[in-house]
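Q: Could you take a close look at one part of this model for me? I'd like to hear about the place where the two chains meet.

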Amino acid sequence: MRIRTGFVSNSSSTSFLIITDDELKEGAFLELMGVTSDSPIADLFRELFSDVINASQYVDLKHVNTRVSPEAWFNTDRLSPAMIARLQQAAGQGLKAYFGTLDSETTMVQTFFCTDAFELENERIYFNYLECAW
Amino acid sequence: MIIPFKTSEHGQDEYIICLRSPMTVAELRERMLQRAKVSQGSYAYQLIDNLHAQIFIRSLDLKADYAIYFAREYASFFDYLRRRERLPLEIVARLAEAFDMSIGMYYYKLGYAFLTDTYGLEFLTRLVEDMPQGELS
């Protein structure tokens with residue numbers, strides 16, 4: 001949790017980390033979230049996927065400097081200890097990482113997802129969506 | 001039948017969901033999950049499961065509430081909706097008409113943030129509405 005001073009706001013944001021074995025594609029993302037492409041609710045998750053991609057910094061973990069903290073790879077200080085550990089584990093394995101932030105002040109879909117927190121994983125994708133800042 | 005409206009005070013989206021098919025809560029849940037085409041145990045599965053609970057377990061069934069607790073106090077279902085629930089007149093008129101045809105009338109408010117406007121109504125219709133287009137009985 002982060003504490004802001006000097007400015008009162010009821011907006012929120014959530015930082016996310018995705019680690020995947022290949023370029024992140026919509027079909028694989030929908031599978032991770034648990035919907036088929038012809039699901040009547042797939043459009044909700046398609047919009048989330050689009051927002052995630054648009055908000056992401058992408059890093060190919062094959063080429064990172066493992067002697068520095070993963071926070072330097074993304075030029076951020078918002079990586080949680082769990083995210084750092086996961087990135088360090090994934091570095092050098094040829095995996096890809098996407099890191100970014102969604103904001104409750106943009107779309108209703110993002111507003112909803114900023115009220116939730118989860119961590120999902122299958123054999124291809126790891127999705128950490130736990131770091132909510134209010 | 002799903003009736004959407006916005007509260008006059010905050011412009012918040014609310015829905016009254018009138019079911020006509022006699023189904024148990026468990027059957028409604030299975031129907032929603034089947035329609036949503038979600039994988040068992042997945043994030044999307046839990047989202048729909050929670051939506052079902054929000055609507056059919058935690059929301060007020062206006063018809064049952066009136067019949068059990070307020071049928072003596074209010075002269076009619078119309079009066080109950082106007083004076084106790086303070087629903088807009090046009091909504092009350094539609095619900096009073098649908099009273100005999102409905103098994104339950106669930107007043108769903110404070111739902112998921114993305115359930116707004118046309119998108120919210122379409123989302124709920126696909127999952128909840130009795131006999132949507134294309135579905136076999």
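A: Here is a walk through the contact region between the chains.

This is a predicted model, with local features needing pLDDT of at least 70 and side-chain atom pairs counting only at pLDDT 80 or more, while totals for chains, interfaces and linings use all residues. Residues are numbered from 1 along each chain as its sequence is written, chains are lettered from A and ligands numbered from 1 in the order in which they are written, and side-chain values use heavy atoms, with hydrogens and water left out.

On to the interface: 19 residues of chain A are in contact with 18 residues of chain B (contact means heavy atoms within 4.5 Å). About 1,500 Å² gets buried between chain A and chain B, and carbon and sulfur atoms give 68% of that; buried area is the accessible area (1.4 Å probe) that two parts lose on being put together, summed over both. Pro40(A), Ile41(A) and Phe112(A) supply 36% of what chain A buries against chain B, more than any other three residues.

There's some charge pairing too: two salt bridges are counted between chain A and chain B (a side-chain nitrogen of Lys or Arg within 4 Å of a carboxyl oxygen of Asp or Glu). Lys37(B) forms a salt bridge with Asp38(A), with the closest N and O atoms 3.1 Å apart.

As for which elements of chain A touch chain B, those giving two or more residues are α2 (42-55), α5 (108-113) and β4 (118-121); helices (H or I, at least four residues) and strands (E, at least two) are DSSP runs, numbered from the N terminus. The largest share of that side, five residues, comes from α5(A).
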